[in-house]
Amino acid sequence: AVGIKDASLYNHFSGKQALFDAIVRDALERTRRFFGERSILFDVTDDTAPYEEMTAARLREMVLPSFRYFFEDPYMVRLRQAGRVYRLVFVEQPMALQRTVFEHLMATGEFVRDDAAQMAIELQGVPFMLMHAGLTWEEAEPRLAAHVERFARAHTAPGRGIRGEERA
């Protein structure tokens with residue numbers, strides 16, 4: 001786009017990691033500006049005053065623009081598209097497998113009838129976030145165990161499985 005050869009990039013960056021780091025820094029700065037212009041928290045040190053006296057409508061008003069930004073901002077869309085293999089491994093395949101499992105568990109009466117795709121998001125969301133928070137397995141495992149336990153209790157059919165007895 002800027003009219004230089006690919007190899008010329010390395011006149012400005014020491015290697016692929018430095019180039020990647022610059023892209024990430026730029027993405028974070030763009031996000032910081034966007035969020036700041038809308039009084040949306042970007043950093044844990046940001047002012048939380050706009051979140052006082054929160055209602056569901058106000059939360060929606062404040063949070064949805066931040067989600068929309070990642071869906072529609074052309075830079076963020078291109079950045080996400082660079083990770084097709086990543087999405088297959090960490091999102092699409094696990095979600096498809098979980099949907100299949102939940103549909104089976106609902107068909108056999110082990111789980112209450114629900115939306116299997118939404119259940120997959122619910123179950124996979126926490127591990128996905130913990131993986132990307134850089135936690136070790138030792139740090140994540142107790143949180144994941146508690147998450148799976150809560151999930152199972154919420155979705156297991158009355159008189160079946162985990163509600164009636166402690167089985168996985």
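What you have is a predicted model, where local features need pLDDT of at least 70, side-chain atom pairs count only at pLDDT 80 or more, and totals for chains, interfaces and linings use all residues. Residues are numbered from 1 along each chain as its sequence is written, and side-chain values use heavy atoms, with hydrogens and water left out.

Let's start with helix α1 (residues 16-37) and helix α3 (residues 74-81), whose axes come within 11 Å and cross at roughly 145°. Axes here are lines fitted to C-alpha atoms, for helices over the stretch in contact, with angles running from 0 to 180 degrees between N-to-C directions. Helices are DSSP runs (H or I, at least four residues), numbered from the N terminus. On the α1 side, Ile23, Asp26, Ala27, Arg30 and Thr31 meet Tyr75, Met76 and Leu79 of α3; contact means heavy atoms within 4.5 Å. By class, that makes five nonpolar, one polar and two charged residues, with Ala, Val, Leu, Ile, Met, Phe, Trp, Tyr, Cys and Pro counted as nonpolar, Asp, Glu, Lys and Arg as charged, and the others, Gly among them, as polar.

Now for Leu130, which sits in helix α5. Leu130 counts as buried because its relative accessibility is 12% (buried means under 20% relative accessible area, with a 1.4 Å probe and protein chains only). Setting aside neighbours within four places in sequence, Leu130 touches Leu135, Ala140, Arg143 and Leu144. Val112, by contrast, is 18 residues from Leu130 in sequence and 27 Å from it in space, C-alpha to C-alpha.

Terms used. Helices (H or I, at least four residues) and strands (E, at least two) are DSSP runs, numbered from the N terminus. Buried means under 20% relative accessible area, exposed over 50%, partly exposed in between (1.4 Å probe, protein chains only).
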